[in-house]
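Trainee: I have a chain open on my screen and would like to go through it with you. Can we take it topic by topic?

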Amino acid sequence: MPTAAQDPIFYLHHSNVDRLWNLWLAQGGGRTDPLLDAAWKIKRYFFCDANGHQVKMNACEILRAALQLHYVYECEPAEVNEYCYRRFPIWLYVRELVLQLRIPPVELNSETSSFPVELKEIRERLSSFAENSKETLFLELDDVEAEKPPGIIWEVYFGLPSGAAPDAKAPFFIGTVSLFGSGIRSEAHHEFKAAQFLFPLNRALKAALKENGERFWLRSF
């Protein structure tokens, strides 16, 4: 890592990663930057501007390259313009724990991994969340970790019917789990911290409730 930027290919590589990220976002289907991750939004990085002056910017300040940084890639689809969510006053935004699932460790691999989510006792309350446009229900995954970079990204689905093929355009798709730096023990330069993921659940929950089940599955592919 300390010497990577001394190789000119470093800049071509990262430009291509940037280009591929644009292509990935343009596919839609729930693909997005981690706009709800406070640490991702707030952390500031040092850069140099066109005049060689040092500047500090966070992720929210460089979300829209074409508009903010004035560059585009040839033969690319229109850029997806994302915006960090505003921080609403505390009297307008209240976070409440609805259900805490205490499950044994789940080991993810290259195959399908899943575990059941029992919602029978709070089904009626969850139905109100699914239909309410002013409230958002989130699924939070804590303590996600790996000993080394897994080299794989998992698609996460909630309530996917049994036998149904995974489809990122389906309402059951809620996001992805990827580990790069955060949550990887071998890359922890200081105190290790497990990764955390937060997924909006209203759309998937509404679709799952239509299946009339009382046990839903959280699946990764």
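Trainee: How much accessible surface does the chain have, and what share of it belongs to carbon and sulfur atoms?

Mentor: The accessible surface of the chain comes to about 16100 Å², and 55% of that belongs to carbon and sulfur atoms. Accessible areas here come from the Shrake-Rupley method with a 1.4 Å probe, and for residues only the protein chains shown count as cover. Before we go on, this is a predicted model, in which local features need pLDDT of at least 70, side-chain atom pairs count only at pLDDT 80 or more, and totals for chains, interfaces and linings use all residues. Residues are numbered from 1 along each chain as its sequence is written, and side-chain values use heavy atoms, with hydrogens and water left out.

Trainee: Okay. How many helices and strands does it come to?

Mentor: There are 5 helices and 8 strands. Both are DSSP runs numbered from the N terminus: helices are H or I with at least four residues, strands are E with at least two. Along the sequence the pattern reads α-α-β-β-α-β-α-β-β-β-β-α-β.

Trainee: What percentage of the residues count as buried?

Mentor: 25% of the 221 residues. Buried means under 20% relative accessible area, exposed means over 50%, and partly exposed is in between (1.4 Å probe, protein chains only).

Trainee: And which residues have the most contacts inside the largest nonpolar core?

Mentor: Phe 158 and Leu 205, in a core of 28 residues. A nonpolar core is a set of buried Ala, Val, Leu, Ile, Met, Phe, Trp, Tyr and Cys residues joined through side-chain atoms within 4.5 Å. Among the elements that give two or more residues to this core are β3 (113-118), α4 (123-131), β5 (154-158) and α5 (202-209). The largest share, 4 residues, comes from α5.

Trainee: Is α5 itself mostly covered or mostly open?

Mentor: Mostly covered, with 6 of its 8 residues buried. Those are Asn 202, Ala 204, Leu 205, Ala 207, Ala 208 and Leu 209.

Trainee: New topic, cysteines. Which ones does a disulfide join?

Mentor: Cys 60 and Cys 84, with the sulfur atoms 1.9 Å apart. A disulfide is a pair of cysteine sulfur atoms within 2.5 Å, and by this rule the count comes to 1. The angle about the S-S bond is -100°, and the link is left-handed.

Trainee: What does the pair tie together?

Mentor: Cys 60 lies in the loop between β2 (54-58) and α3 (65-69), and Cys 84 lies in the loop between α3 and β3, so the link ties together parts that are 24 residues apart in sequence. Cys 60 is partly exposed, at 21% relative accessible area, and Cys 84 is partly exposed, also at 21%.

Trainee: What about Cys 75, buried or exposed?

Mentor: Cys 75 counts as exposed, because its relative accessibility is 80%. Cys 75 lies in the loop between α3 and β3. Its phi is near 60°, a positive value in a residue other than glycine.

Trainee: And what is phi for Asp 143?

Mentor: Phi of Asp 143 is near 55°, a positive value in a residue other than glycine. Asp 143 is in strand β4 and counts as exposed at 63% relative accessibility.

Trainee: Next, Arg 125. What does it touch?

Mentor: Arg 125 touches Glu 96 and Val 98, not counting residues up to four places away in sequence. A contact means heavy atoms within 4.5 Å. Arg 125 sits in helix α4 and counts as partly exposed at 35% relative accessibility. Its C-alpha atom is 9.2 Å from that of Val 98, which is 27 residues away along the chain.

Trainee: What share of contacts in the chain join residues at least 24 apart?

Mentor: 63%, among contacts between residues at least 6 apart in sequence.

Trainee: Last one. Where is Ser 15?

Mentor: Ser 15 lies in helix α1 (residues 9-26) and is partly exposed, with a relative accessible area of 35%. Ser 15 and Tyr 73 are 58 residues apart in sequence and 9.5 Å apart in space, C-alpha to C-alpha.
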